[in-house]
Amino acid sequence: MKKLLIAYNSRTGTTEKMANYLAEGVRISGNEVQVEKIATLKKAEQVSGFDGYIFGCPTYHKDMTGGMKQFLFVAEKANLVGKIGGAFGSHTHSGEAAPMVFETMQHVFKMDVVDLGPLNLTEALMETDEGMRACHQYAKGLCEKMG
Ligand SMILES: Cc1cc2nc3c(=O)[nH]c(=O)nc-3n(C[C@H](O)[C@H](O)[C@H](O)COP(=O)(O)O)c2cc1C
């Protein structure tokens, strides 16, 4: 059994909903998961030691949030080179945040990111069962990569 960290922030709850469905998917795949708001993760030691990571951030003003930018500096100190990674986020129309986080994980942290790319879903989709299924599928794909 592998252990995964889902770290996210969410202003109005939709990215949080994604985090919880992703966690469900990880558990359905038979793995362990810790779900944390990024505001609680202040030290690199709280981030290191997991087999895989999924970071989540909604898009505001065509950007990731300030909180996620700060968290990525903490995560950088955790040395995640070669670890399995994925990213997710909710948005309404442009959705820059999840791809930005994903690119940082891939190119800066040198993580082994999922071929699925970032899970970048609209708020409207997250109000349907399709949104829940997309989160479950993404978690399953990431767990398969973790082995
Ligand atoms: C002030 C404001 C700015 C926003 N800017 C964007 C944006 O640039 N692009 C986009 O796709 N969605 C934008 N959104 C929509 C949010 O990304 C969307 O509501 C998302 O589901 C919020 O996620 P959360 O509930 O996890 O905070 C914006 C929303 C607000 C209130």
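How do the residues of the shell around the ligand divide into nonpolar, polar and charged? The shell holds 2 nonpolar, 13 polar and 3 charged residues, where Ala, Val, Leu, Ile, Met, Phe, Trp, Tyr, Cys and Pro count as nonpolar, Asp, Glu, Lys and Arg as charged, and the others, Gly among them, as polar. This is a predicted model, in which local features need pLDDT of at least 70 and side-chain atom pairs count only at pLDDT 80 or more, while totals for chains, interfaces and linings use all residues. Residues are numbered from 1 along each chain as its sequence is written.

Of the 18 residues around the ligand, the nearest are Ser 10, Thr 12, Thr 15, Pro 58 and His 91, a residue being near if its C-beta atom, placed from the backbone, lies within 6 Å of the molecule or strand. Two or more residues of this shell are given by each of helix H1 (14-28) and strand E4 (84-91); helices (H or I, at least four residues) and strands (E, at least two) are DSSP runs, numbered from the N terminus.

Helix H1 also packs against helix H5 (residues 129-146), at an angle of about 50° and with the axes 8 Å apart; axes are lines fitted to C-alpha atoms, for helices over the stretch in contact, and angles run from 0 to 180 degrees between N-to-C directions. Because of that angle, H1 is oblique to H5, angles under 35 degrees counting as roughly parallel, over 145 as roughly antiparallel, 65 to 115 as roughly perpendicular and the rest as oblique. The contact of H1 with H5 divides into 10 nonpolar, 2 polar and 2 charged residues.

The protein chain has 5 helices and 6 strands, which follow the pattern β-α-β-α-β-α-β-α-β-β-α along the sequence. Its C-alpha trace spans about 35 × 35 × 25 Å along the principal axes.
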